[in-house]
Amino acid sequence: MTIQQSIPAPPDAAQPAEAAARVTPMMEQYLEIKAANPGLLLFYRMGDFYELFFEDAEIASRALGIMLTKRGKHQGMDIPMCGVPVERSDDYLHRLIALGHRVAVCEQMEDPAAARARGNKSVVRRDVVRLVTPGTLTEDTLLDARTNNYLLAIARARASSGGDRIGLAWIDISTSEFIVTECGTGELAATLSRINPNEVIVTDALYGDPDLGPLLRELPAVTPLTRDVFDSATAERRLCDYFAVATMDGLSAMSRLEATAAAAAVTYIDRTQVGKRPPLSPPSREAAGTTMAIDPATRANLELTRTLSGERRGSLLDAIDRTVTPAGSRLLAQRLAAPLTDSGAIARRLDAIAAFVADSAARDDIRTTLRAAPDMSRALARLSVGRGGPRDIAGLRDGIFAAAAALARLQRLDDPPPEIIAVMDAMRCPSRELAREFERALADQLPLIKRDGGFVREGYEAALDEARNLRDASRLVVAAMQARYADETGVKGLKIRHNNVLGYFVEVTAQHGDKLMAPPLNAIFIHRQTLAGQIRFTTAELGEIEAKIANAGDRALGLELEIFERLCALAMTASEDLRAAAHAFAMLDVATALAKLAVDDNYVRPEVDTSLTFAIEGGRHPVVEQALKRDGQPFIANACDLSPVPPPYPPPQAGEGRVGAGQIWLITGPNMAGKSTFLRQNALIAILAQIGSFVPAARARIGIVDRLFSRVGAADDLARGRSTFMVEMVETAIILNQASERSLVILDEIGRGTATFDGLSIAWAAIEHLHESNRCRALFATHYHELTALSAKLPRLFNATVRVKEWQGDVVFLHEVLPGSADRSYGIQVARLAGLPAPVIARAKSVLAKLEAQDRGQTARALVDDLPLFAVPSRAAAEPAPPSEAEQLIEAVAALHPDEMSPREALEALYALKAKLPKTP
Ligand code: ADP
């Protein structure tokens with residue numbers, strides 16, 4: 001059966017053919033509402049269905065795989081239509097939103113009977129009650145519990161001298177978070193990949209901008225909006241209006257540009273929620289430079305929160321996430337996306353973890369308490385926009401009790417650090433009395449939606465108990481009636497049943513039907529329906545009792561809904577305290593989870609300071625280590641020291657190597673030896689340290705990294721028409737142009753995507769540039785053994801290799817990183833391990849032997865001696881040289897026009913030329 005067949009055609013949609021060209025009143029209403037909501041699919045409520053018409057119907061039927069039908073005609077053409085049942089609409093909405101659509105939900109605003117009472121042609125009043133867009137969701141069914149759902153507004157301020165500024169404001173209405181910041185256009189890509197928004201709003205102009213437009217259009221769900229939404233003149237007024245305050249002063253200090261973006265975001269929320277305003281935290285401002293900048297390619301390649309294939313499983317986040325609540329998981333993801341650059345703030349986070357590393361009993365107790373703490377911020381958000389249910393109230397009840405329990409446990413800690421004291425302060429806030437009121441009001445078993453009723457505890461309100469008793473007593477009467485009818489008719493199997501179409505009815509099997517339809521019983525039993533096996537009847541008496549039951553039931557439900565609204569209002573008065581407690585839960589969850597990770601996986605507290613140190617002892621790769629552990633394999637720990645020389649590594653030669661520049665480690669070794677793993681693990685350790693987590697190492701000292709760059713892994717970016725090599729070079733260009741002394745750079749196999757000599761030359765020049773110009777801490781893995789010769793010239797370049805052993809012609813990987821350089825690639829041995837046919841291996845060996853006879857290494861060593869050291873071009877040198885005297889003469893002659901000159905002018909020009917000649921002694 002198609003969904004459509006189950007609903008009767010509305011009377012106003014069925015048009016006689018001759019009137020086809022006329023627009024029906026219902027269609028008129030539909031088209032008006034549709035026109036007011038451009039760019040959105042319109043869910044038009046008709047009875048138990050949301051219907052979609054015209055192009056919307058075609059889009060939805062394709063996207064949802066539901067049957068496309070027709071309903072009436074519009075201007076002589078069939079109207080395509082499809083529909084989704086209201087009770088399953090969340091599911092359909094979810095799928096449409098996931099595909100990037102936005103939906104306007106249009107409800108019936110009155111009882112159809114009221115419309116009929118106005119006259120035959122009257123259409124039920126309808127209105128859009130909400131726009132469902134990817135960035136403005138609140139329902140659990142539409143959200144991923146463990147990730148934030150951000151709406152991001154981007155505003156731009158043009159600067160005549162170039163250097164436009166970008167204002168960003170992002171909001172998660174399901175948790176009330178609201179953050180603003182400002183950045184330059186060059187940092188936009190990195191900032192966007194950090195925020196990872198679900199929906200973005202921009203001005204039309206920015207969307208079409210030749211420079212930024214392409215970047216924006218790549219984002220999921222971008223909506224260009226008219227200029228008024230981004231009007232800076234009205235921004236403050238709109239923000240004040242949303243927060244119902246007279247001035248923004250008390251809310252937060254924001255730049256004009258940030259306020260513009262913030263106002264755009266709240267205006268959009270206002271529009272999508274159609275008047276209902278989810279409460280938001282006052283915008284918190286993220287100052288520039290407070291987080292480690294990580295460009296999108298690095299973020300993707302290091303698989304911080306998702307793997308390259310887009311999954312959470314296998315990412316760093318997945319490996320370190322031991323949180324027990326969705327809010328904790330979201331906070332951890334936020335922290336991982338934005339490592340800090342303030343060593344003080346990092347230390348405060350580390351102190352909290354250290355407290356729970358030291359006290360395992362407290363850690364376990366708190367985690368047990370947290371497990372019982374529901375997602376309070378999302379429950380609150382739903383209640384605030386009228387989409388909450390009884391279980392959300394129960395969530396707040398349990399949350400408040402859990403906060404009290406957690407507080408009691410935290411009070412037993414010796415000397416809690418400041419972050420835990422802040423958590424305790426927040427846990428003290430929500431009123432226990434509120435939770436007790438919720439406890440008194442709510443039944444033990446709760447329905448999902450409030451309209452199902454039955455969620456208020458018996459004894460809570462006398463009037464409700466009375467209505468329920470009446471309803472239940474009448475149900476008993478029905479049961480007695482069934483027994484009596486069975487007796488009177490002699491039909492033992494007679495049943496009284498109920499459904500939504502017929503209400504209460506008497507049902508007998510087909511063989512007894514005739515008896516009830518014949519005198520004398522037909523005076524009592526009125527035939528209603530004949531089915532294949534059963535026949536259904538009603539009676540006057542049953543009709544009466546049904547009305548009574550319905551009335552009592554309606555009254556009971558009405559009272560319950562009133563109670564629900566009261567409880568909701570109570571929750572709203574406490575919403576700030578509840579939100580603070582919810583945030584404290586998340587912090588506590590992250591602190592205890594990272595402590596558990598540290599204990600379980602043997603992580604240590606890093607020392608993070610403002611130096612340029614990078615000294616890791618016994619470092620491990622957090623993800624690879626876990627994967628190996630599952631297979632019962634050990635991970636080989638390795639040290640890494642990129643701290644500025646002098647000591648412990650050879651002092652720079654006289655006059656070279658300014659103090660304060662980091663070292664570059666050049667790592668050679670065969671494929672599969674563990675070079676990439678080593679590179680990545682050091683980057684990940686820096687990130688973990690700066691999010692304020694313990695790290696997988698025996699000891700770690702890290703001077704704050706302001707930007708992390710990587711060029712690892714390679715994939716074609718075919719969507720943008722870039723080959724692997726092009727992607728590699730673009731990423732390398734970014735690094736060489738932007739890395740500073742405070743940056744950490746990891747480069748894997750630069751130049752591999754082109755011919756050997758090209759690649760070697762590019763890698764060579766890149767290392768020299770990093771050493772002389774960027775002066776950053778860097779790890780450089782390469783296949784080109786020739787590059788190791790560079791260490792003779794570059795004082796801060798240090799050669800390291802991953803050890804392998806040859807054993808009976810095979811290569812054995814030891815995964816140990818040691819000083820020195822690899823003497824060979826062992827490519828053929830690895831190829832053999834991979835199963836290349838024996839004849840191919842044999843042939844490759846003989847080709848290699850021939851090639852090796854030419855000895856490229858020799859050439860490289862000679863090159864190092866011959867080539868002058870890479871010189872960083874100074875600005876003056878980069879400018880074009882002034883023209884020589886000969887060039888000046890040529891220019892002067894070219895500027896002469898003899899035909900237009902008098903004899904005298906010609907003579908003067910000749911003297912002038914002669915004067916330009918170099919003076920001969
Ligand atoms: P390369 O970059 O040198 O080709 P990878 O870093 O990709 O090598 O490592 C290859 C495999 O070796 C990894 O998948 C991992 O299983 C293993 N491996 C790497 N480093 C280690 C280590 N330190 N200890 C144990 N196994 C390792």
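My entries below go through ring pairs, a ring cluster and charges over rings.

Entry 1. A reminder to myself: this is a predicted model. I looked up the aromatic pairs and found that the structure holds 12.

Entry 2. I picked Y30 and F54 to start with. Their rings make a tilted pair, with 6.1 Å centre to centre and 40° between the planes. I then checked where they sit: Y30 belongs to helix α1 (residues 25-36) and F54 to helix α2 (residues 54-64), so the pair links distant parts of the chain, 24 residues apart.

Entry 3. F54 comes out at 21%, so I noted it as partly exposed.

Entry 4. Next I turned to W665 and F678, which form a stacked pair at 6.2 Å centre to centre, with 20° between the planes. W665 is part of strand β21 (residues 664-668) and F678 is part of helix α24 (residues 675-690), so this pair ties together parts 13 residues apart in sequence. W665 counts as buried at 5% relative accessibility, and F678 counts as buried at 1%.

Entry 5. Back to Y30 and F54: I found them in one aromatic cluster together with Y44 and F53.

Entry 6. Which charged residues lie over the face of a tyrosine? I noted R45 over Y50, at 5.6 Å from the ring centre. I also noted R217 over the face of Y207, at 5.7 Å from the ring centre.

Notes:
Residues are numbered from 1 along each chain as its sequence is written. This is a predicted model: local features need pLDDT of at least 70, side-chain atom pairs count only at pLDDT 80 or more; totals for chains, interfaces and linings use all residues. Side-chain values use heavy atoms; hydrogens and water are left out. Rings of Phe, Tyr and Trp (its six-membered ring) pair if their centres lie within 6.5 Å; planes under 30 degrees apart count as stacked, over 60 as edge-to-face and the rest as tilted. Helices (H or I, at least four residues) and strands (E, at least two) are DSSP runs, numbered from the N terminus. Buried means under 20% relative accessible area, exposed over 50%, partly exposed in between (1.4 Å probe, protein chains only). A charge sits over a ring if NZ of Lys or CZ of Arg is within 6 Å of the ring centre and within 35 degrees of the ring normal.
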